Amino acid sequence: MNRHCANIVISLLTFAIQESCFAVQRESLRVGELAQIRFEQKLDQQLSLATEFVDEKGKAVTLDQYFQSKPVVLVPGYYSCPMLCGLVANGLVEALQDIKATPGRDFEIVFLSINPNETPSLAIEKRNSYLKRYGRAQSAKGWHFLTGSEPSIHTLCSQLGFHYAYDLRSKEYAHPSGLVVATPDGRVARYLLGVTYSAADLNSAIKSASARQISSPIKDLLLLCFHYTPISGKYGALVMALVRGTAVLTMIGLGGGIYFVHRNRRKPA
């Protein structure tokens, strides 16, 4: 019991030290640069559908192949992202599982890598992983994972209002979290920000975009208050304070427990 408690305290202390060192070590982009990393809501923006990319099979494609008669859910990020992109994709899959609308039948999903060095082999690996998690085999034709050149990526991300930055030191991208729903004719219809999405909101966004309706801007308070900056390794100030406060209280509680165990053992029977 005594040794177990001590090990827990050591583990928590190690975690706290590593987290603090990680935050200091990884900080390389300046505050002003990080402040520019955001989703700028460009509603009714017409996307350049002739922009060329490469699909998960290594085939050259253009965006207009996905914009026919259905709305399109666009998910910018990158496949080797250590944090946000996986959370965004997971949040999307969870919301999709709770609605009747199905990719391929009612709408298309297009994941776009912002890293020009990523390959179709990595894209298809991610595609297979999320298809398996989603669980609707008949939807496979509606999932598309693209890679592309820097000019093509820049063109589309600029039109989506997806502002990001690459950090040479950490070799990672700092970027916002969220997705965009576009109309069948390629106009930005609605933004869903953060890493979790209401099934009702996603369903509504798809239906509205299908009818070529453009939604109103949404508040990005959640993104500003609760986000993870891949470059600095820091969470939002409120979240970080809660994490550290909880760790400190836990260590104090465990330390007190160890003290009372020793004290009770020293008392005569």
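**Strands, helices and cysteines of a predicted model**

User: Which strands stand at the edges of the five-stranded sheet?

Analyst: Strands here are DSSP runs of E with at least two residues, and helices are runs of H or I with at least four, both numbered from the N terminus. The sheet is open, with mixed pairing and the order β5-β4-β3-β8-β9. Each edge strand has a single partner, so one side of each is left without a neighbour in the sheet. The edges are β5 and β9.

User: In which sense do β4 and β5 run, parallel or antiparallel?

Analyst: Four bridges join β4 (residues 108–113) to β5. In this pair, Val 110 stands opposite His 144. The two strands run parallel.

User: How many residues of β8 are buried?

Analyst: Buried means under 20% relative accessible area, exposed over 50%, and partly exposed in between, with a 1.4 Å probe and protein chains only. One side of β8 carries Gly 178, Val 180 and Ala 182, and the other carries Leu 179 and Val 181, so that both faces are covered. Of the five residues in β8, the buried number is five.

User: Which residue in β8 does Leu 74 stand opposite?

Analyst: β3 and β8 pair in the antiparallel sense over three bridges. The residue in β8 opposite Leu 74 is Val 180.

User: Against which elements do the buried residues of α4 pack?

Analyst: In α4, the buried residues are Ala 123, Arg 127, Tyr 130, Leu 131 and Tyr 134. They lie on the same side of α4 because they cover an arc of only 105° around the axis, taken from the directions from the helix axis to the C-beta atoms. The face turned away from that side carries the exposed residues Ser 121, Glu 125 and Lys 132. With contact meaning heavy atoms within 4.5 Å, the buried residues pack against α3 (84–96) and β5 (143–146).

User: At about what angle does α3 run to β4?

Analyst: Axes are lines fitted to C-alpha atoms, for helices over the stretch in contact, and angles run from 0 to 180 degrees between N-to-C directions. α3 lies across β3 (72–77), β4, β5 and β8 (178–182). Its angle to β4 is about 175°.

User: How many disulfides does a search of the whole structure find?

Analyst: A disulfide is a pair of cysteine sulfur atoms within 2.5 Å. For Cys 85, the nearest cysteine sulfur, that of Cys 81, is 3.4 Å away. Cys 85 is buried at a relative accessible area of 14%, and Cys 157 is buried at 2%. The number of disulfides found is zero.

User: Where is Asp 44 found?

Analyst: Asp 44 is not a glycine, yet its phi is positive, near 70°. At 41% relative accessibility, Asp 44 counts as partly exposed. Asp 44 is found in the loop between α2 (31–35) and β1 (52–54).

How values were computed: Residues are numbered from 1 along each chain as its sequence is written. This is a predicted model: local features need pLDDT of at least 70, side-chain atom pairs count only at pLDDT 80 or more; totals for chains, interfaces and linings use all residues. Side-chain values use heavy atoms; hydrogens and water are left out. Two strands pair if DSSP finds at least two bridges between them.
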